[in-house]
Amino acid sequence: TTGEAGFGLGPRALDALTIVQSYLEILTTDLDDGLSEEQLSFLKITKDSVLRLRRLVLDLVDLIAFRSGHLGIEAATVDVAKLLNDITDEMQPLADAAEVELVHERPAIRVAIRADDDRVRQIVRNLLDNAFKFTPAGGRVTVRTRVEPDWVIVDVVDTGVGIAAEALQTVFDEFVQLRPPGLRRRRRGSGLGLAISQQIAHAHGGELEVESEEGAGSVFSVRLPREHNLDSS
């Protein structure tokens, strides 16, 4: 079946890309002094291309898994503030490269979700990556947490170019890539990040939503089930 073919291709493609990536790292690290600026530039372009291809393969594997019902969610208690601290620290270099301020507004109380830690990180990374792409230099991206009796909502708020009303209906569709006027995107994505993030939220019994106005920025919100049984640590 298509699903079986996808699962067979995915690991092999990832293994091959990992090998290529490893050798490129060796070349750029061990031969750095012996290469010309032009050669180093070629290696950097190649490394960036391999990373983009690897992300595309991972997205396609996830997409096939969701369609075939083979992607499981391993739910556990996840501390929201710690998770968001980790991700904002990890994504800070991308914010710096985009010349965008990245702010994490911690929740006033300790709060946890019942979720798959790795998959929630995947959602927030996708939302931040998307925000950086569509926020002009000098803008701000804020990660904040809202708490309801049975839900925790993580918002990623940007001061970017926003999304036109007619485009909001398709923003979570597969392979959709927004092209807002007046802004040249820094990197091209696969068009799968938001679609996969929505599927992950649904797999948790939650939801991924967006509010946006063209020219006034966007707010992407992921709603996940709150965990009430916190330990005393």
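## Tour of the predicted model

Start with the whole protein chain, coloured by pLDDT. This is a predicted model; the mean pLDDT of the chain is 81, and 76% of its residues reach 70 or more.

Select strand 5, residues 151-158, where confidence is highest at a mean of 98. Then select helix 1, residues 2-30, where confidence is lowest at a mean of 59. Within residues 1-9 the pLDDT is below 50, and this stretch makes seven contacts in the model beyond near neighbours in sequence. Where pLDDT is low, the predicted coordinates should not be read in detail.

Next, show helix 3 (residues 80-98) together with helix 4 (residues 117-133). Their axes lie 10 Å apart and the packing angle is about 30 degrees. Angles under 35 degrees count as roughly parallel, so helix 3 and helix 4 are roughly parallel to each other. Their crossing is right-handed. For the contact itself, display side chains on both helices: from helix 3, residues including Leu83, Leu84, Ile87, Met91 and Leu94, and from helix 4, residues including Val120, Val124, Leu128 and Phe132. Charged residues also take part, among them Lys82, Asp86 and Glu90 of helix 3 and Arg121 and Arg125 of helix 4. By class, the contact has eleven nonpolar, seven charged and no polar residues.

Finally, select Asp79 and Arg110. Their side chains form a salt bridge, at 3.2 Å from N to O. Asp79 is in strand 1 (residues 76-79) and Arg110 is in the loop between strand 2 (101-105) and strand 3 (112-115), so the pair ties together parts 31 residues apart in sequence. The count of salt bridges comes to eleven.

Key:
Residues numbered from 1 in each chain as written. Predicted model: local features only at pLDDT ≥ 70, side-chain atom pairs only at ≥ 80, totals over all residues. Heavy atoms only, no water. Axes fitted to C-alpha atoms, helices over the stretch in contact; angles between N-to-C directions. Helix = DSSP H or I, 4+ residues; strand = E, 2+ residues; numbered from the N terminus. Parallel < 35°, antiparallel > 145°, perpendicular 65-115°, else oblique. Left-handed = near helix turned anticlockwise from the far one by under 90°. Contact = heavy atoms within 4.5 Å. pLDDT = per-residue confidence, 0-100. Salt bridge = Lys/Arg side-chain N within 4 Å of Asp/Glu carboxyl O.
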